[in-house]
Amino acid sequence: MTREKIYLFDTTLRDGQQTPGVDFSVEDKIAISKLLDDFGIDYVEGGYPGANPTDTAFFDKKRTRDAKFVAFGMTKRAGVSAANDPGLAALLQSKSDAICLVAKSWDYHVRVALGCTNEENLQSIRDSVEAVIASGREALIDCEHFFDGYKANPDYALACATTAYQAGARWVVLCDTNGGSQPHEVRAIVSAVMAAGIPGDHLGIHAHDDTGQAIANSLAAVEAGVRQIQGTLNGIGERCGNANLITLIPTLSLKETYASRFETAIDAERLTELTKLSHAFDELLNRSPNHQAPYVGASAFATKAGIHASALLKDPRTYEHVVPESVGNFRKVMVSDQGGKSNFLNALKRRGIEVSKDDPRLDRLITIVKERESEGYAYEGADASFELLARRTLGTIPDFFAVDGFRVMVERRFDANGKMKTVSEAVVRLVIDGEPVMSVAEGDGPVNALDLALRKDLGKFNREIEDLELVDYKVRILNGGTEAVTRVLIESMDGDGTRWWTVGVSENIIDASFQALIDSIVYKLMKNRHMAGRLAAE
């Protein structure tokens, strides 16, 4: 049976930029558009040329190879011809393949926001679409607040949509701009639009997530007949975000109820790049990926309980709804105080550590992990520290150096200019190849001073850690009071982009930080040797 195509329209570069704390540069937009284009998205909406210098510069040339490059803007103003509207002119001058025009479709907004008559708004829609088509570009209309508009005045909302379609718009996109519609409402209203004369292969859905149902509403619209979905990478967007394409794409591709009827531009091979795409985008935003994100999160295929892990190892289908590798992710059986031998054996095997289930060292490792987690350690969130603990317990890690001690001083004093400042200084004493080494460093805070002192003089290992970078630092207080036990998690990264987490626990935050810093350096040294071993074997 021939499957119908669902077209994927990404609005990350416009809607995503409305996310608090997100502000794309031209270079960011170029990088993101390439990610989307390489992945196979059908339409990449780049922003609003003429509205700001960044978007205007971004549209001075076509930024995609295969995807349709889309400029976004408003329909012409009432009382001004399409030829004389400066906003529309900026869109027509952009180097785009298509132009998406936002149009008011709720009569309340027409009256309050535009200050014109309903008929004048319909005329603006008609003339703007015709101007886009006359320029040789594909025309799309985003019917803003369509679902709220339909519920308030169905005849007028339908008039806005049908006017755009009859003027030649390739796509009429129904927008749940406030994000408050429910799936059953979306189905019913999409059906009404199709009954009014707009076929589903000319209809799109643009859902916001204000009730947590942007994905459900998008799928409801597809079931009702629309054939274009708009959304963003990782669901970013203003307020609660937009429909998350990273979740929608694998659902359409891997769930039989959709996969048997529909196809997208993302084939099975491209789908294996999904996790990489999601994480690369988070990296560009300089934020940590959401561990519990569907399909692509680090916990998406993670099992913690021992009973679950045992069943999972016998047949992954017992606790997995899709194959992790199909979306570029992997199975993760975590080690924790809830885990049995199955968890540990799987976790060790994934790290290339072979050990028999009857080996007494395995029992010793399980005992140590459970004891430490009762003290506050969290190895499920610190893979590198777990691997180091496992290798130390099993006797498979070199003694690179020994820690003889450290001291940290924090002093508040006046500098030479008479300005009060706080200075942190750390002293670290190590033993390398039997020789004592002492390093002193000042830093922006005690942890930074410790980090700098640790890496200042590691002798023969110094060149190996030149590309080591501390990229995230998290502190959690495990019980109340100033004497509380503190858990520190540190994320590190090196030159090839590998990231790892290490953990430290102590009543003293500096001591906990030092433990995590030491593990980070030792893991890097161990990683270098394993990488060298693999290269030599090849």
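Which residues form one aromatic cluster with Phe58? Phe59 and Phe69 do. The model is predicted.

**Barrel**
- Eight strands, in the order β2-β3-β4-β5-β6-β7-β8-β9, close into a barrel with parallel pairing.
- From one strand to the next, the twist averages 25 degrees.
- Four bridges join strand β6 (residues 138–144) to strand β7 (residues 171–176) in the parallel sense.
- Cys143 has Leu174 of β7 as its bridge partner.
- Helix α5 (residues 118–134) lies across β5 (98–104) and β6, and its direction is at about 180 degrees to β5.

**Aromatic pairs**
- The whole structure holds 14 aromatic pairs.
- In the pair of Trp500 and Tyr523, the ring centres are 5.3 Å apart and the planes are at 45 degrees, so the pair counts as tilted; planes under 30 degrees apart would be stacked and those over 60 edge-to-face.
- Because Trp500 belongs to strand β18 (residues 499–506) and Tyr523 to helix α19 (residues 509–537), the pair ties together parts that are 23 residues apart in sequence.
- Trp500 is buried, at a relative accessible area of 3%.
- Tyr523 is also buried, at 15% relative accessible area; the cut-off for buried is under 20%.

**Charges over rings**
- Arg14 places its charged end over the ring of Phe72, 3.6 Å from the ring's centre.
- Over the face of Trp171 lies Arg170, at 4.0 Å from the ring centre.

Key. Residues numbered from 1 in each chain as written. Predicted model: local features only at pLDDT ≥ 70, side-chain atom pairs only at ≥ 80, totals over all residues. Heavy atoms only, no water. Pairing = 2+ DSSP bridges. Helix = DSSP H or I, 4+ residues; strand = E, 2+ residues; numbered from the N terminus. Axes fitted to C-alpha atoms, helices over the stretch in contact; angles between N-to-C directions. Contact = heavy atoms within 4.5 Å. Phe/Tyr/Trp six-rings, centres within 6.5 Å; stacked < 30°, edge-to-face > 60°. Buried < 20%, exposed > 50% of the residue type's maximum accessible area, 1.4 Å probe, protein only. Lys NZ or Arg CZ within 6 Å of the ring centre and 35° of its normal.
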